[in-house]
Amino acid sequence: DDGKFSAKRQFGNKGEDVVCNHLKRLHYKIIDRNYLKKWGEIDIVASKEEIFHFIEVKTVLKDLRVNRETSFRPEENVHGNKIKRLKRTIQTYIAEKGIENRIWEFSVAVVFLDLKNRMAKMIHLKNIIIE
């Protein structure tokens, strides 16, 4: 169903917008968004101080005015096969852009979107090692 996919894409884009705006405030340069290959996608590619940052964004709906702690951690969905696909996609990006000699980092940004109250909260887990 295309409608469901595009709604999910729009929701994901909102989360990515939150992350991009946050990064820009911290003087990162957004280089690419939604770099797509058959085997994977990189949500955001940014740079700051000569370091490339490959960022996976996980966006979740949450009422931020209700202070309920949950055991659900969206970043835990970045594992196993997802990591393998991300690593291959990052390697492809690096080769395609000719930046093999540059320093790079991988991170996960979790965005809690509260559409009803027009709020967002973000957690940025930086420099995650992917092997």
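Reply: One term comes ahead of the questions: a polar contact is a pair of N or O atoms within 3.5 Å, where one must be able to donate a hydrogen and the other to accept it. Also keep in mind that this is a predicted model.

Me: Which residue's side chain makes a polar contact with the side chain of His-53?
Reply: Start with the place of His-53: strand β3, residues 51-61. Leaving aside neighbours within four places in sequence, the contacts of His-53 include Tyr-28, Ile-44 and Glu-105. One of the contacts of His-53 is polar, side chain to side chain, at 3.5 Å. The partner is Glu-105.

Me: Is His-53 buried or exposed?
Reply: Buried means under 20% relative accessible area. His-53 has a relative accessibility of 9%, so His-53 counts as buried.

Me: And what about His-22: buried, partly exposed or exposed?
Reply: His-22 sits in helix α1, residues 2-25. The middle class lies between 20% and 50%. His-22 has a relative accessible area of 25%, so the class is partly exposed.

Me: What distance separates the C-alpha atoms of His-22 and Met-122?
Reply: Along the chain, these two residues are 100 residues apart.

Me: What pattern do the helices and strands follow along the sequence?
Reply: Count the elements: two helices and five strands.

Me: Which residue in β3 stands opposite Val-45?
Reply: Strand β2 covers residues 40-48. Five bridges join β2 to β3, and the two run antiparallel. Val-45 is also among the contacts of His-53. The residue opposite Val-45 is Phe-54.

Me: What share of the contacts with a separation of 6 or more joins residues 24 or more positions apart?
Reply: Contact means heavy atoms within 4.5 Å. Take the contacts in the protein with a separation of 6 or more. Residues 24 or more positions apart account for 55%.

Methods
Residues are numbered from 1 along each chain as its sequence is written. This is a predicted model: local features need pLDDT of at least 70, side-chain atom pairs count only at pLDDT 80 or more; totals for chains, interfaces and linings use all residues. Side-chain values use heavy atoms; hydrogens and water are left out. Helices (H or I, at least four residues) and strands (E, at least two) are DSSP runs, numbered from the N terminus. Buried means under 20% relative accessible area, exposed over 50%, partly exposed in between (1.4 Å probe, protein chains only). Two strands pair if DSSP finds at least two bridges between them.
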